Amino acid sequence: MIVEAGHFALVLAFVLAVVQFAVPLIGTRTGDDRLMAVAAPVTIAGFALTALSFAALTMAYVQSDFSVVNVWENSHSLKPMLYKVTGVWGNHEGSMLLWVLILTFFGALVAWFGSNLPASLRANVLSVQGLVGAAFLLFVLATSNPFARIETPPFEGRDLNPILQDIGLAIHPPLLYLGYVGFSVCFSFAVAALIEGRIDAAWARWVRPWTLAAWVFLTGGIAMGSYWAYYELGWGGWWFWDPVENASFLPWLSGTALLHSAIVMEKRSALKIWTLLLAILTFSLSLLGTFLVRSGVLTSVHAFATDPTRGLFILFILMLFIGGSLSLFALRASSLTQGGLFQPISREGALVLNNLFLTTATATVLIGTLYPLLVEAVTGDKISVGAPFFNMTFVPLALPLLIAVPFGPLLAWKRGDLYAVTQRLYAALGGALLTVLIALFFVDGMGVLAAFGVGVATWLVLGALTDLALKAGIGSVTTAVAWRRFRGLPRSVFGTALAHLGLGLTTLGIVAVTSLDVEEIAVMKPGDTLAVANYTLRFEEMTPFQGPNFTSDKARFTYINAWGRELGEVISSKRLYTARQMPTTEAGIVTRGLSQLYVSIGDPTADGGIVVRAWWKPLVLLIWLGGLVMMIGGTVSLLDRRLRVGAPAARKAKPKVLTPAETPAQ
Amino acid sequence: MTRKQKRLTVIGGAMAFLMLASGLTLYALGQKTSYFYMPAELQTAKLEPGQRIRLGGLVAAGSIVRGEGTQVAFAVTDQVHTVKVSYSGILPDLFREEQGVVTEGTVGPGGVFIADSVLAKHDENYMPKEVADGLKATGLWQHTE
Amino acid sequence: MFFWIIVACLTLIACLAVLLPVLRVRDSVADDSAFDLEVYQDQLAELDRDVARGVIAGTEAEQARAEIGRRILKLKAEGSTLAAKAGFGAGRIVLSVAILAVPLASWGIYAATGSPHLPSQPLHERMADNPQANPINELVARAEAHLAENPQDGRGWDVLAPIYYRNGRFVEAATAYRNAIRLLGASATREAGLGEAVAAVGGGLISEEAQAALQRALALEPDNPKARFLLALGLAQEGRTEEAQAAWLAMANDLPQDSPWRGAVAQMLGSKAEVQATPGPSQDDVDAAELMSDNERAEMIGNMVAGLDQRLRENPQDPEGWQRLIHAYTVLQRNEDARDALVRGLAALGSDSAEGAELKTFAAARGVSAAD
């Protein structure tokens, strides 16, 4: 009964989404504010119903209700409770339901916090959001219904894919979807602006918090996914340039560009059309990612099941939204007014440069991801584009951008002085050069390129700190004043500095791991030792172990430092999940500071040993720590007071403090 | 410089940058992509020595031989032709006899494929997409549900 | 009934969400431009704060102020963008359609896709309603919970291992036996159980590992029937039929009259008569569960062979598979099936090919030929 109530709530949510699309749109077209007012409550009701439906499915998983096909296919009564819950979105149907839930959630947020938006803009935004929701709800109901039932249910389920039975599944997909789908709000704002044919600096201010929120979540989702793949797959890699990873990286790149171009638009009313286009493209890339992952065009752990009708359906949705919004853009963009002018050397110029690099990088990653599909469709040849391609194209594009980053926040608007800014960055530059030299001469195995990379990373970190120091006036005013000014700095300044600092940390982690990691592989028997960088691993024993729904062989190692002291144990194991007869490798990981010792075991050899593969991963944690710092930066920026502009009280409230602005100084 | 000249400089710079980027992309696409072959296709393929390719198929039954240390030899088959593969390292969790596999590497002397990476990446039907397509094309594999 | 009340309530809420905002008496809303103005005023205030903080130079601030001022002036010049209010007539029709559509469309779609007659069936409730359905799972779950906390409890593993085996969870059974042996030491029962479980994991094939465990069991207890039986089965699988038959014959001779293994041995020797010959009363002493596991064993072997047969039908290019199948049928004394397998195998491999010839020789060695 709960299950069926959930099914009905989902159907009702779909019908409400259609109402949410049609009624407010007719309202803004005819100027009927009663129809426009329908948008907000319907959106919130739609979210409540979708949430109810999601709760019903979760309940079915928790109670192991195998009369639901989806539960039977992906759950098992012996599975730990956490994985029963996360298993809800560990499959195609459930994950699409989560997608839709988050979509309606963002719609509800706009309805809830949208009182500072003009009524017609709010109605149009919610209407577009309703159309996206209706399309995906229809997709779920028509091709991927999680509420299909079995008349005579079996007593045991088929269990969840073991790779997904991990805490990572609890965090990664929800964060990623919050990011992907969060950009739908930016998309809806852009399409709403095109429908109204009016766009100004205020629009950028309204879109900014949504862009920031989506970006924060997407950053977290990608970082989490990367860490998950790192420790779960047992290959010691943290990024494979796998098409599925690219699918999440693409909207991140263009979303980052959007984040920066919206600043220019808000401050200077410039780059309006470009910002609109980026908003549309970013969500289009999110949709493309969903399509690539869900259609079965690509093979990966993410492609739960391949069903051609689903692929076609999503392709249709993709074409409807990307094609529709771009046509609307082509039709209306020329009528939008142009904004202010600026010198090439200026804050705006720096942000344009940022956009140029980021969008070009997006394009190369997109080409690398789609090229194999294209070649196969045209010539039938199967090719693969892997890491070498991306290293060759993406890295040269990213490096100049990273070098340019510290200049941006220090340049003045409209007309900047590059020479003066360089002077102010002397300290950071000096620090960076010093680290390059230290890295070259004091770190074993450090190549020139890697040392340069370390320098760039230091440059980013010091540049971000310099920005904060200069804005607080450290060095030019007394310490007490500087401290007061530092505390009084707007949160957005901290946000910028933290995000750039996080980028520096991630860069440092990437450079360190790529250039300095040590990999050893050997066949070991109990008592054997293996030297990995400055540590020695001693294989102690193998013990069988019985988990709730798997059996495993645990290999116990002792790790010893260079001075012969035993520091502790590493346990790496091979698990066999019995319901699916599927083996997995659980890597043993020891964290030493920011670096990690990573041990993964393979099959037993004929003479009774096991193959052991061990890595020393220097500073590897910085890769994800940097992501975390970027997220914190984005969140701090989101809390800036200027993003909380209130609504005008009522029509009678006449502006009072206009006098200084109405007589602008020449 | 007049405003017009300035704008032209900026646009020209951006254009040059984009040209450079697309040139790089095209070059990288030519250099850094690897082709996928099934054993039968490998018989007729014209490969330059040392060219990196990917070889996919089923792991032939009974062909896995563990050599010294981390050395492993096995054969990849499409049920018609079989290619011997040698590899050093840990085989992926899902590497099994008569299951789909994709290996990457070069064709060595004597026709033995020297793999430097072995992927048993696939969906829940234990079949990499490329391999499934390849087998379907030769009519040797039906999807059994 | 309760379900339909929920459906009605949800529909009502959805309709109200469409209807209520319209019914609410509304104040005149602020002009669209007032919202923009709010933003620009805030930008001015922010500029003032920046000037006060000294992060922005005087001229720069003045320029920015002028620019924001221009935006405000432009806003005023554009005036209200709100269109003249339309009459409520058209809106009324749209709303009526929307409110009607909510129940009609949702009930229509649900009627087509839902299963309102099916109640939810949480597993624990089904267990409670029907305790016979799967009592063993409950037991196993309790034992597992206990062992998760006390993994060094050898007795626990010892008890759990045969239960796992009987439930068809062979891998877990093998692990449990290994743990029991590790913690309590080897015994014939445990080693034989381990051998049986390992063989079951491999689909019934007595592998080297299984054989080793069974040998250890025999070393501990020379007439352990399970170990003897399975080792003989291993011999049969290797094609050493005569040795296997001899081993089984020996078992038939020296097994106690009431041994539950008699049935299995008799089946292997192919003389069903022996089963009947066993005195009736002694059957009562036979542990019912053990007897069942006998039947299960026979069934398992049957299933294994059927599985191989099926696989070869789908994928006939497997000379080794055909040999295994023919051999399995001869061991089971299903000679008709063995001949049929040979005919099919030759058709698939080609009777003139080297592989076909090899298959023919193999079959002939077991007394099977294609031509009758």
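**Entry 1: a bridge in chain A**

I started at Q546(A), whose bridge partner is T551(A) in β5(A). I then looked up the pair of strands around this bridge: β4 (residues 535–546) and β5 (residues 550–560) of chain A run antiparallel and are joined by 10 bridges. For my own record, strands are DSSP runs of E with at least two residues, helices are runs of H or I with at least four residues, and both are numbered from the N terminus. Two strands pair if DSSP finds at least two bridges between them.

A note on the model before I go on: it is predicted, local features need pLDDT of at least 70, side-chain atom pairs count only at pLDDT 80 or more, and totals for chains, interfaces and linings use all residues. Residues are numbered from 1 along each chain as its sequence is written, while chains are lettered from A and ligands numbered from 1 in the order in which they are written.

**Entry 2: the sheets of chain A**

Which strands form the open sheet that holds β4 and β5 of chain A? I found five strands in the order β3-β4-β5-β6-β7 (chain A), with antiparallel pairing. Its edges are β3 (529–532) and β7 (582–586) of chain A; each has a single partner strand, so one side of each lacks a neighbour in the sheet. Axes are lines fitted to C-alpha atoms, for helices over the stretch in contact, and angles run from 0 to 180 degrees between N-to-C directions.

Chain C comes in here too: its helix α8 (residues 170–184) lies across β4, β5 and β6 (566–577) of chain A and runs at about 110° to β4(A).

I found another open sheet in chain A, with four strands in the order β2-β10-β9-β8 and antiparallel pairing. At its edges stand β2 (518–524) and β8 (588–592) of chain A, each with a single partner strand, so one side of each is left without a neighbour in the sheet. Neighbouring strands of this sheet are turned by 15° on average, direction ignored. Seven bridges join β2(A) to β10 (residues 610–617) of chain A, antiparallel again. Among the residues there, E520(A) has A614(A) in β10(A) as its bridge partner.

I checked the span of α1 (residues 2–30) of chain A: its 29 residues reach 41 Å from first C-alpha to last, close to the 42 Å expected at 1.5 Å a residue. The expected span is 1.5 Å times one less than the number of residues. How many residues of α1(A) are buried? I got 26 of its 29. Buried means that 20 or more other C-beta atoms, placed from the backbone, lie within 10 Å of a residue's own; exposed means 12 or fewer, and partly exposed is in between. Just after α1(A), I noticed G31(A) with a positive phi of about 70°.

For α10 (residues 272–294) of chain A, the 23 residues should span 33 Å at 1.5 Å a residue, and the end C-alpha atoms are 33 Å apart, which agrees. α10(A) is mostly covered as well, with 21 of its 23 residues buried.

The domain assignment, automatic or from a database, divides chain A into domain 1 (1–165), domain 2 (169–410), domain 3 (425–515 + 624–637) and domain 4 (518–617). Between the centres of domain 1 and domain 3 of chain A, taken over C-alpha atoms, I noted 42 Å.

**Entry 3: where chain A touches chain C**

This contact takes 80 residues from chain A and 85 residues from chain C. Two residues are in contact if their C-beta atoms, placed from the backbone, lie within 7 Å. α1(A) gives the largest share of the chain A side, 15 residues. That side divides into 47 nonpolar, 18 polar and 15 charged residues. Ala, Val, Leu, Ile, Met, Phe, Trp, Tyr, Cys and Pro count as nonpolar, Asp, Glu, Lys and Arg as charged, and the others, Gly among them, as polar.

**Entry 4: chain B**

I counted three helices and seven strands in chain B. Of its 145 residues, 34% count as buried.

Toward chain A, 29 residues of chain B are in contact with 34 residues of chain A. α1(B) gives the most to the chain B side, with nine residues. I also found three bridges that join β1 (residues 383–385) of chain A to β1(B), running antiparallel. Which residue stands opposite S384(A) in β1(B)? It is S34(B).
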